[in-house]
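I opened the model to look up a few strands and helices. My notes follow.

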Amino acid sequence: MSQQKCIVIFALVCCFAILVALIFSAVDIVGEDEDGLSEKNCQNNCRVALVENIPEGINYSDSAPSYLSLFQGWMNLLNMAKKSVDIVSSQWDLSHSHPSACQGQHLFEKLQDLLSQNVEIKLVSDILHKDSKLLNDLGKKGAEVMYINLTAYNDGHLQSSFWIVDKQHVYLGSASLEWSSLGQMKELGVIVYNCSCLVLDLQRTFALYSSLKSKSKVPPVWSKRLYAVYGTENKLILKLNETKSQVFVSNSPKLLCPKDRVLDIDAIYSVIDDAQQFVYIAVMDYLPITNVTNEPRYWPYLDGKIREALILRNIKVRLLISFSKETNPLTFNFVSSLKAICTEVSGCSLKVKFFDLEEENACFLKEQKNSSALKLNRNKYVVTDRAAYIGNFDWVGTYFNQNAGAGLVINQDGAGNKTSIIKQLKAVFDRDWYSHYAKSSATKIPNCSSYKQNKNSNQ
């Protein structure tokens, strides 16, 4: 009898353990659903558009390409909203005294209007912004505001920036929900319309963030409903502007990547590895270092991938880095090291430029006497002859290791098609690369007479 009792007790313990595991795997997504969406019934003939914010005073030649403004793109999405708006953002501040903040105010008013029309609005923020007036005001109007404490999990922060509207339309890019993204910052993102197949995957990242609200630690087991639908091995096949494409969503950090989800760094690897001719990279910061407990360490992964493409595959690489007074001096050391690798190496083609708005800022501030008017280029993308990655991170090791971000990878065999998003993104890079803002070295002394000439010639 004692042996039978032991067997019964053992069985009960096993059942209890299984039950606990099931509870942990299910509790993280209570209340989330995919509205019956599946890989079989979702939309995969989609329209895609680049969106940019080009600050006032940033002038290109008349023949330079231009795309839908970020503000108009976001307003288009909100005007289309009938049921739901889900937004993840790293910043929340649409009110400011600066003249360029008026667009942020219009956006805030539109969000309030949608709430009055019973459109469900869910907002995910880092707990750092718990005192945000914007979030508090929208919460009082009926929006569901969720805070996640990434510092408690990974000593990091939420840097993700994406929207999902009516579970059909998506925005992802560098801009956050703040007035400067619509005014003073040069931002770039992509909007994908009528693409519920893509939503099916990105919605799971939103659900994962939602599951972490008010939790002090990450669940030990992720629900299967949070697993990635698509990845490098099984990309979503669809049409973007009638161009056959393959797409998947990536995430960071590893701590917040359930089964089958591709890390952002691996997504960038896949884009670079797929290149046959060139790799063009545009980021605000380039610093292959991690800073853990104030102990900087070299983070070789993306830096090394560039070297590999240059030396082993003879891929042409162009690196466009934003420059400001806040640029870490080590950036120039790493750039010099990269350049040195091509010394006397046949077929090695690397060029680096800095998108320098310091002259623009200094002279503009001198005219306007407004200290809040500083401009920066915050683009964060990679484009090649065959693919593109658009994300939320600059190329700083600490971001990839600790912060939460999301990226979108698009592969297109027919990148020569005029509707190709790859071709459009390359045109953006070329426009910036050959503009008078892109310089081989950073400007030290502003030439305001030159600034005025450029300004007047473009009016």
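I take a polar contact as a pair of N or O atoms within 3.5 Å; within protein, one must be able to donate a hydrogen and the other to accept it, and residues adjacent in sequence count only if both atoms are side-chain atoms. Helices (H or I, at least four residues) and strands (E, at least two) are DSSP runs, numbered from the N terminus.

This is a predicted model, where local features need pLDDT of at least 70, side-chain atom pairs count only at pLDDT 80 or more, and totals for chains, interfaces and linings use all residues. Residues are numbered from 1 along each chain as its sequence is written, and side-chain values use heavy atoms, with hydrogens and water left out.

**Helix α13.** S420 caps it: a side-chain oxygen lies 3.1 Å from the backbone nitrogen of I422. Among the buried residues of α13 are I422, L425 and W433. Buried means under 20% relative accessible area, exposed over 50%, partly exposed in between (1.4 Å probe, protein chains only).

**Strand β8.** Why is strand β8 largely enclosed by the rest of the structure? I found five of its five residues (169-173) buried, so the strand is largely enclosed. H169, Y171 and G173 cover one side, V170 and L172 the other.

**Its partners.** Two strands pair if DSSP finds at least two bridges between them. Four bridges join β7 (residues 162-165) to β8, antiparallel. F162 has L172 as its bridge partner. Three residues separate β7 and β8 in a hairpin, and D166 in the turn has a positive phi of about 55°. β8 also pairs antiparallel with β10 (residues 185-193) over four bridges. There, V170 stands opposite V192.
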